[in-house]
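This report describes the two chains in turn, then what they share. Please look at the sequence and the model before reading on.

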Amino acid sequence: MKRVGVVALNTFREAVRDRVLYNLVFFALLMMIAAIAVGQISIGIEQTVIVSLGLSAISVIGLLIAVFIGVALVSKEMDKRTLYALLAKPVRRWEFLLGKFAGLVLTLAVNTAAMALGLLLAMIYVKHALVRSDMVVLVAVYFILLKLALVVALALMFSCFTTPMLAILFTVGLYIVGLYVQELRNLPVNVMRPAMAAFTKGLSYLLPNFENFNVMAMAAHGRAVPGAFILQNTLYTVVYCTIVLTAAAAVFSRRNLK
Amino acid sequence: MPNAAIEIENLTKEYPFGFLNLKKRTSLDGLNMQVQTGEVFGFIGPNGAGKSTAIKLLMRLIFPTAGSARILGKPISDVEMHRDIGYLPEQPYFYDYLTAAEVLDYFARFHNPTATDRKERVERMLKKVGLETARKIQLRKYSKGMLQRVGLAQAILHDPKLVILDEPMSGLDPVGRREVRDIILELKRDGKTVMFSTHILGDAEMLCDRVGVIVGGKLRGVGAPDTLVDMKTQGMEIFFELKGTSNSPLVSKATRTGEYYRLQVAEEELYPAIEQLRGAGARILSVSQVKATLEEFFMNLVEADRAQGAAVEVSGQ
């Protein structure tokens with residue numbers, strides 16, 4: 001696991017030196033403008049507006065990083081052939097892959113944590129104080145991070161067997177489909193043919209369920225998220241990421257480099 | 001340590017191409033070869049001959065269609081074997097956001113040395129490849145030759161038993177090439193096995209105990225450079241001086257530089273030719289044996305391959 005850590009830390013260093021964290025400046029500006037504007041134009045719904053806006057921004061910025069950098073994690077190394085010298089060291093391909101994944105998740109964690117801090121500061125500016133129920137925002141941020149980890153795993157897997165452009169399309173496509181998994185489960189299966197009903201049900205469990213990670217409305221209104229739900233989402237992410245990364249490693253371990 | 005550092009058996013690589021990948025292009029065709037422990041082995045061939053393919057197969061960057069290979073007695077699928085191998089890829093490229101010292105430190109970490117040992121090794125390598133003064137510059141600002149030096153440093157950083165270098169002289173100026181040659185000779189003195197690919201035949205002749213000539217994906221000859229070259233017909237060169245002109249047919253065949261001439265004849269024609277030249281008023285200055293160069297041997301193979309695909313099959317030690 002030490003080798004995974006070495007790759008992960010280098011991936012984090014790469015993100016920092018490639019100025020990925022500069023998005024925080026944009027987020028900070030957005031929060032400052034939003035906090036000032038909200039204070040002047042909304043009455044009584046300041047928290048709802050600022051939390052919704054902040055969480056949406058954290059999610060969108062995180063998704064952009066997860067998809068675009070996630071896809072580039074392996075493809076860039078193959079294109080630039082930086083991978084050649086590395087794989088000549090005593091490093092297994094799956095260790096490299098896991099290290100790249102861990103490195104980007106670490107980057108996203110640092111990025112998301114910094115943005116969460118910005119959001120809390122904006123909330124303090126708007127409300128002049130934070131109460132215990134406001135901490136649900138942190139749960140929402142944690143769920144965003146789980147979602148981003150899953151997106152990174154998918155992007156990494158697709159980039160192991162297809163071109164970067166297609167990998168981006170597949171990842172974004174699967175993310176959008178994953179937002180509507182619950183609708184798929186709620187389809188009236190009793191009016192379908194049994195085979196179709198089984199297929200629909202199977203597909204709904206096979207696809208990543210991104211809807212589960214959305215607790216923005218609860219956070220905006222200060223409603224608590226049950227502990228069991230937090231545990232469920234955590235386990236779901238760990239299991240799903242493990243499956244996706246195992247598939248990615250299986251493909252990548254047999255791939256001929258250029 | 002086994003006698004053969006590298007054992008290659010029937011290693012073949014085919015690449016699919018065309019519509020639906022139905023056609024196949026053979027990049028390496030049944031390579032059988034051994035590199036002995038402690039020797040410097042040159043893998044020579046024109047561009048696209050299959051040198052890099054063979055090396056990439058050994059490093060498991062690509063996978064063979066058929067055949068197998070063992071390095072230091074272990075199958076190439078054994079990742080731990082890489083502890084004892086150093087590899088310089090062709091036209092190496094490293095993380096350009098890192099400095100030379102950082103990239104070497106990064107690679108060193110995979111070999112588990114202590115922090116002090118790692119630092120000491122990195123410093124020693126930077127000095128060895130002449131990059132001490134550029135150690136804190138990001139690699140994105142490095143020239144091709146400087147990157148080649150970083151590549152060489154990372155290949156020998158962990159004191160490997162076997163060093164595989166893919167076109168190590170590529171992109172280097174004469175000074176850089178000389179330094180790489182010195183490093184290869186130093187590795188040999190330290191008892192390391194070195195295998196390197198090149199299309200610069202002079203380097204191979206100068207450095208290698210043995211060379212393998214690969215053309216069109218097939219190994220066409222393996223042996224000491226002298227052994228391979230001796231297979232060619234030898235001749236004699238007469239160097240003579242002639243003032244004025246002469247109607248001798250031998251003089252008209254000679255290459256003239258002012259009053260000096262060079263004439264190449266078959267060994268059995270040497271003495272009659274000398275007599276004839278003397279008769280024409282020439283002063284013989286020297287007679288030397290003409291040895292075919294590795295380049296001629298190589299070019300003959302390349303031309304034969306171009307002419308008929310595959311013809312000459314030369315083997316031997």
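Chain B is divided into domain 1 (4-229) and domain 2 (235-290), with bounds that come from an automatic or database domain assignment. The C-alpha centres of domain 1 of chain B and domain 2 of chain B lie 46 Å apart. This is a predicted model, in which local features need pLDDT of at least 70 and side-chain atom pairs count only at pLDDT 80 or more, while totals for chains, interfaces and linings use all residues. Residues are numbered from 1 along each chain as its sequence is written, and chains are lettered from A and ligands numbered from 1 in the order in which they are written.

**The two chains**

Helices and strands here are DSSP runs numbered from the N terminus (helices are H or I with at least four residues, strands are E with at least two). A residue is buried if 20 or more other C-beta atoms lie within 10 Å of its own, exposed if 12 or fewer, and partly exposed in between, with C-beta atoms placed from the backbone. Two residues are in contact, or touch, if their C-beta atoms, placed from the backbone, lie within 7 Å. The table sets out values for each chain.

| Property | Chain A | Chain B |
|---|---|---|
| Secondary structure | 11 helices, 0 strands | 10 helices, 14 strands |
| C-alpha box along the principal axes, roughly | 60 × 55 × 30 Å | 80 × 50 × 40 Å |
| Buried residues | 39% of 258 residues | 40% of 317 residues |
| Contacts joining residues at least 24 apart, among those at least 6 apart in sequence | 84% | 71% |

**Chain A**

The elements of chain A run α-α-α-α-α-α-α-α-α-α-α from the N terminus on. Chain A has a radius of gyration of 20 Å, close to the 18 Å that the globule rule gives for 258 residues, so it is as compact as a globular protein of that length. That radius is taken over C-alpha atoms, and the globule rule is 2.2 Å times the number of residues to the power 0.38.

Ala57(A) lies in helix α3 (residues 46-80) of chain A. With 19 other C-beta atoms within 10 Å, Ala57(A) is partly exposed. Leaving out residues up to four places away in sequence, Ala57(A) touches Phe27(A) and Leu30(A). Phe26(A) is 31 residues from Ala57(A) along the chain, and their C-alpha atoms are separated by 9.9 Å.

**Strands of chain B**

Two strands count as paired if DSSP finds at least two bridges between them. Strand β1 (residues 4-17) of chain B is joined by 10 bridges to strand β2 (residues 23-36) of chain B, and the two run antiparallel. Ala4(B) stands opposite Gln36(B) in β2(B). β1(B) and β2(B) form a hairpin with 5 residues between them, and Gly18(B) in the turn has a positive phi of about 80 degrees.

These strands belong to an open sheet of 4 strands in the order β2-β1-β4-β5 (chain B), with antiparallel pairing. β2 and β5 (74-75) of chain B stand at the edges, each with a single partner strand, so one side of each is left without a neighbour in the sheet. Strand β4 (residues 66-71) of chain B pairs with β5(B) in the antiparallel sense over 2 bridges. The bridge partner of Arg70(B) in β5(B) is Pro75(B).

By contrast in direction, 4 bridges join β6(B) to strand β7 (residues 162-166) of chain B, and these run parallel. Leu88(B) stands opposite Leu165(B) in β7(B). β6(B) is covered on both faces, with Ile85(B) and Tyr87(B) on one side and Gly86(B) and Leu88(B) on the other, all buried.

**Interface and cores**

How many residues of chain B are in contact with chain A? There are 22 residues of chain B in contact with 20 residues of chain A. On the side of chain B that touches chain A, the elements giving two or more residues are β6 (85-88), α2 (100-108) and α4 (144-156) of chain B. The residues of that side divide into 16 nonpolar, 3 polar and 3 charged. In this division Ala, Val, Leu, Ile, Met, Phe, Trp, Tyr, Cys and Pro count as nonpolar, Asp, Glu, Lys and Arg as charged, and the others, Gly among them, as polar.

A nonpolar core is a set of buried Ala, Val, Leu, Ile, Met, Phe, Trp, Tyr and Cys residues joined through C-beta atoms within 7 Å. The largest one has 151 residues, and those with the most contacts inside it are Phe101(A), Val152(A), Ala153(A), Ala155(A), Leu156(A), Leu58(B) and Leu104(B). Helix α6 (residues 136-159) of chain A gives the most to this core, with 19 residues. Apart from this core lies another, of 10 residues, among them Leu250(B), Leu263(B), Val265(B) and Leu277(B).
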